[in-house]
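Biologist: Please take me through the packing of this protein, one question at a time.

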Amino acid sequence: MSCTIPTLNAHGQPGDTPNDRLAYLIHHLCLELDSMPVSVQETSPGLAKALALANEARRVVDGYDEYVARMSSPPHPIVEKMLKEGNERDWERLHKEGKTKFRLIPEMSAGGYEAVALSHLARMSKAERILEVGMFTGTTTVSLALAPWTKKITTVELEPYLARINRPYFQQAGVARKIDIKIGDAMEVLEELAEEGEKFDMIFIDADKPSYRQYLNICMSGCSDSGGWSSYQSLLAQGGMIVVDNTAYKGAPWAPDERYPQGKDIDAFNKHVREHGDIDAVMLPIEDGITLIRRRGEEPGDNDNVWER
């Protein structure tokens, strides 16, 4: 059987998505079953059947991510180049040399498949002004900027080094003029944008997970601790959409594991979104999970025949 052997990521975790984690677990289940003494296997026909079923499950899981990516439109060549060079970059050495303020790893970058999905959302919604919270290597930034309707992307990033290495890619893609990089604390930058009256048709949040709720509050109301949201200082334009990344977070929100400590933060955020009366949301099983959020009551009939939500 030719299957990819799952390995631990740079954080010592079994994978970067719920599917990766499942593949890792099934792989080790197969190893455990296969390591049983021959005498036990020969006298336990049920064991052989269990191993066959586990191997079949492993083939299904192993092939899923690669298949959905292969059956989707490919990312732009510049994105593939950015991913390749980002994976090859020695982030640990850069940090030791003092070039980066924070320890970064390639797994922080959204992959090519997710970049394509986000680009489709931007194109279908005809978003002209986009806000990105968390740029990292800029793969989603450039993918969103390449959408024909996009006029401007404001991307917020805490690590200064990333602005320097990403700008040449943006120039190669011919979209540098569309991208405004703001380096600084995301909370402070978002509140400044709200005070300036900025509005965005699409907002993509992919930053530190414990702060997701505060980011959402700022985007919806201009204030990080808001309970009831007012659209007056909202960063989200009327009819706009917020996209939040990693909302399935390796499966940890519903299957906790000490190796994924931020799972509880994501679970709390997801419950906050689900129970909030001012928004509609849908979680999609794309990579590590993305949630689409829109403000309720902005379209005719939005509040008609309201069912229990």
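Biologist: How many disulfides does the structure hold?
Modeller: This is a predicted model, in which local features need pLDDT of at least 70 and side-chain atom pairs count only at pLDDT 80 or more, while totals for chains, interfaces and linings use all residues. Residues are numbered from 1 along each chain as its sequence is written, and side-chain values use heavy atoms, with hydrogens and water left out. A disulfide is taken as a pair of cysteine sulfur atoms within 2.5 Å. By that cut-off the number of disulfides is zero.

Biologist: Is C219 buried or exposed?
Modeller: Buried means under 20% relative accessible area, exposed over 50% and partly exposed in between, with a 1.4 Å probe and protein chains only. C30, at 4% relative accessibility, counts as buried. C219 has 0% relative accessibility, so C219 is buried.

Biologist: Over the face of which residue does R129 lie?
Modeller: A charge sits over a ring if NZ of Lys or CZ of Arg is within 6 Å of the ring centre and within 35 degrees of the ring normal. R129 is 5.3 Å from the ring centre in question. The ring belongs to F200.

Biologist: How many aromatic pairs are there, and what is the angle between the planes of Y249 and Y260?
Modeller: Rings of Phe, Tyr and Trp (its six-membered ring) pair if their centres lie within 6.5 Å; planes under 30 degrees apart are stacked, over 60 edge-to-face and the rest tilted. This rule gives three aromatic pairs. Y249 and Y260 form an edge-to-face pair, with 6.3 Å centre to centre and planes at 85°.

Biologist: Which parts does the Y249 and Y260 pair tie together?
Modeller: Both Y249 and Y260 are buried. Each lies in the loop between β5 (236–245) and α11 (263–275), so the pair ties together parts eleven residues apart in sequence, within the loop between β5 and α11.

Terms used
Helices (H or I, at least four residues) and strands (E, at least two) are DSSP runs, numbered from the N terminus.
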